[in-house]
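Q: Please pick a single part of this structure and take a close look at it. I am new to it.

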Amino acid sequence: MNFDSFTIAEIRLMEEISGVSFRQIEKETTPIGGIFQAIIFVVARRMGKPLTLDEIDALSMKEAEPYFEGLYEAENPTN
């Protein structure tokens, strides 16, 4: 996952929401529920469609997919 475009404030917010240090986000042993919630919270705000944490919790993984697309596209550019 490519996190290069997040601002320092967004990173701090994700750490606060998830309770996980930003350095631990991509470790396989780190619980992902809070991280997903935090990423979707920030990305939804960027998209101009902010969601509450409760609304994010109610999303299915299929509904959450669009919030992660840009993060993976930046990691694997197509030429």
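A: Axes here are lines fitted to C-alpha atoms, for helices over the stretch in contact, and angles run from 0 to 180 degrees between N-to-C directions. The model is predicted, so local features need pLDDT of at least 70 and side-chain atom pairs count only at pLDDT 80 or more, while totals for chains, interfaces and linings use all residues. Residues are numbered from 1 along each chain as its sequence is written, and side-chain values use heavy atoms, without hydrogens and water.

The part to look at is the pairing of helix α1 (residues 8–18) with helix α2 (residues 33–46). Helices are DSSP runs (H or I, at least four residues), numbered from the N terminus. The two axes come within 8 Å and cross at roughly 140°.

Now the contact (heavy atoms within 4.5 Å). From α1 come Glu-10, Leu-13, Met-14, Ile-17 and Ser-18. They meet Gly-34, Ile-35, Gln-37, Ala-38, Ile-39, Phe-41, Val-42, Arg-45 and Arg-46 of α2. Eight of the contact residues are nonpolar, three polar and three charged.

Take Ser-18, in helix α1. Ser-18 is buried (under 20% relative accessible area), at 14%. Beyond its neighbours within four places in sequence, Ser-18 touches Gly-34, Ile-35 and Ala-38. Pro-31 is 13 residues away along the chain from Ser-18, and their C-alpha atoms are 9.2 Å apart.

How confident is the predictor? The protein averages a pLDDT (confidence per residue, from 0 to 100) of 85, and 89% of the residues score at least 70.

Technical notes. pLDDT is the predictor's confidence in each residue, from 0 to 100. Helices (H or I, at least four residues) and strands (E, at least two) are DSSP runs, numbered from the N terminus. Ala, Val, Leu, Ile, Met, Phe, Trp, Tyr, Cys and Pro count as nonpolar, Asp, Glu, Lys and Arg as charged, and the others, Gly among them, as polar. Buried means under 20% relative accessible area, exposed over 50%, partly exposed in between (1.4 Å probe, protein chains only).
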